[in-house]
Amino acid sequence: MTRRAPLGGTDLEISTLVFGSMGRSRQDARTRARVLDAAIDAGLTSIDTAPLYDFGDVESFLGRALDGRRERVELLSKVGLRWDDDHGEVLFATEVGGRRRTVRRDSRPHAIRRDVEESLERLRTDHLDLCQIHHPDRRVPLEDALGELDRLREEGKIRHIGVSNVEPQELETGLASLADAAPGRGLASLQLHYSLLERHAEAELLPLAEAAGIGVLAYTPLEGGALSTRFLEDARWRGARAEFDPLFAPPNRALLVEAITQHLAPIARELDLAVSSVALAWVLAQPRVTAPIVGASSEAQVAENAAAWDAGLSADAISAIGSAFAALPIDRHPGDTLATRARGKLRRLRERVARLRRRGGR
Ligand SMILES: NC(=O)c1ccc[n+]([C@@H]2O[C@H](COP(=O)([O-])OP(=O)(O)OC[C@H]3O[C@@H](n4cnc5c(N)ncnc54)[C@H](OP(=O)(O)O)[C@@H]3O)[C@@H](O)[C@H]2O)c1
């Protein structure tokens, strides 16, 4: 499996397993530094981060840890979320160290510029290799936000532009707004949630990204560690995601244990791999994914994740695992009523029809 690849049609080469730096403040600085070093040494030289991660602390940690060896890595960061002013639509609120933090979308051009400048300072660098809009701000035209990123690129502060957590229609807008850029300077990438247990992107976003020839970065490929043997070893295991992700609700847990036992563990045994390596190798093997972004809290996890590169899953195994997990009746929205979900489905259907009509009219 190739370990490096260009990001979409750009001249930026990334590692095809990207190291995810989110949420590491639970660990002491020395452990974090050792895990980061292990990832870089194993070949995960592309590092995904964001101002939001531990409210600036993750970028500051990376800046210190990478001082003097910036050129060994590719830094992929983000813009468009703030927690320190009261402008913008609320994305979520949380309590950290007894302090209430409210995270808001803010993609106004001056806010985007401020985000990039602050990231550069925290990361102790003069450029980001990729700068992605973290979550679109529906109060600001996406074109305006991307226009500011384009100016920052002209100034050499970022090399490439990406989007994350967009709806299909927003991806189309993003692609169109940078369509006149020079070759290799259009929209470079799409970051989205994709794993054996999260396949929504297959309907529209992945086909759109493929048709446009942009890179796809798949986050949360192990579902925060759920796609491993943890549930089998400890039925009460609660990862960081368990606090907010209904995937970890009890009825889903039983389904997961069964699926892992029946469909991942036998292949892992046969190939002498960890279950997590097989789950990650499945994402890595998807032709429309450029790179999964995977986190790790130990050097052993980094090694298991890097082993996905050499997993050697057969085409039959890839297809069998994919079908088995797609068929799982996992309910990721147990709090929703049938009516809310039906309305959501109808809205997505309407958007799809509108898009097809527009395409037909071109
Ligand atoms: N654009 C976005 O909105 C967005 C959203 C989410 C994530 N991301 C990016 O994607 C990255 C990864 O996402 P994620 O952390 O949510 O999900 P993930 O990569 O699926 O899960 C990472 C967690 O899984 C556990 N793990 C890792 N390797 C393992 C192994 N070999 N065996 C068993 N458990 C293992 C660890 O949990 P423990 O820490 O409990 O050991 C680790 O922290 C983030 O760091 C971030 O860069 C982006």
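How many residues surround the ligand, and which are the closest? The ligand is surrounded by 28 residues, and the closest are G20, M22, L222, G225 and G295; a residue is near a molecule if its C-beta atom, placed from the backbone, lies within 6 Å of it.

Before the tour continues, two conventions should be noted. This is a predicted model, in which local features need pLDDT of at least 70, side-chain atom pairs count only at pLDDT 80 or more, and totals for chains, interfaces and linings use all residues. Residues are numbered from 1 along each chain as its sequence is written.

**Whole chain.** Select the protein chain, which has twelve helices and 13 strands. Helices (H or I, at least four residues) and strands (E, at least two) are DSSP runs, numbered from the N terminus. The radius of gyration of the chain is 20 Å, close to the 21 Å that the globule rule gives for 362 residues, so the chain is as compact as a globular protein of that length. This radius is taken over C-alpha atoms, and the rule is 2.2 Å times the number of residues to the power 0.38. Along its principal axes the C-alpha trace spans about 55 × 50 × 45 Å.

**Barrel.** Select next the eight strands that close into a barrel with parallel pairing, in the order β3-β4-β5-β9-β10-β11-β12-β13. Two strands pair if DSSP finds at least two bridges between them.

**L128.** Remain in strand β9 and select L128. Is this residue buried or exposed? L128 counts as buried because it has 25 C-beta neighbours inside 10 Å; the class requires 20 or more other C-beta atoms within 10 Å, whereas exposed means 12 or fewer and partly exposed lies in between, with C-beta atoms placed from the backbone. Beyond neighbours within four places in sequence, L128 is in contact with L75, S77, V116, S119, I158 and R159, contact meaning C-beta atoms, placed from the backbone, within 7 Å.

**Ligand shell.** Return to the ligand and select β13 (291–294) and α10 (299–306), each of which supplies at least two residues of the shell. Helix α10 gives the most, with three residues. By class, the shell has nine nonpolar, 16 polar and three charged residues. Ala, Val, Leu, Ile, Met, Phe, Trp, Tyr, Cys and Pro count as nonpolar, Asp, Glu, Lys and Arg as charged, and the others, Gly among them, as polar.

Terms used. Two residues are in contact if their C-beta atoms, placed from the backbone, lie within 7 Å.
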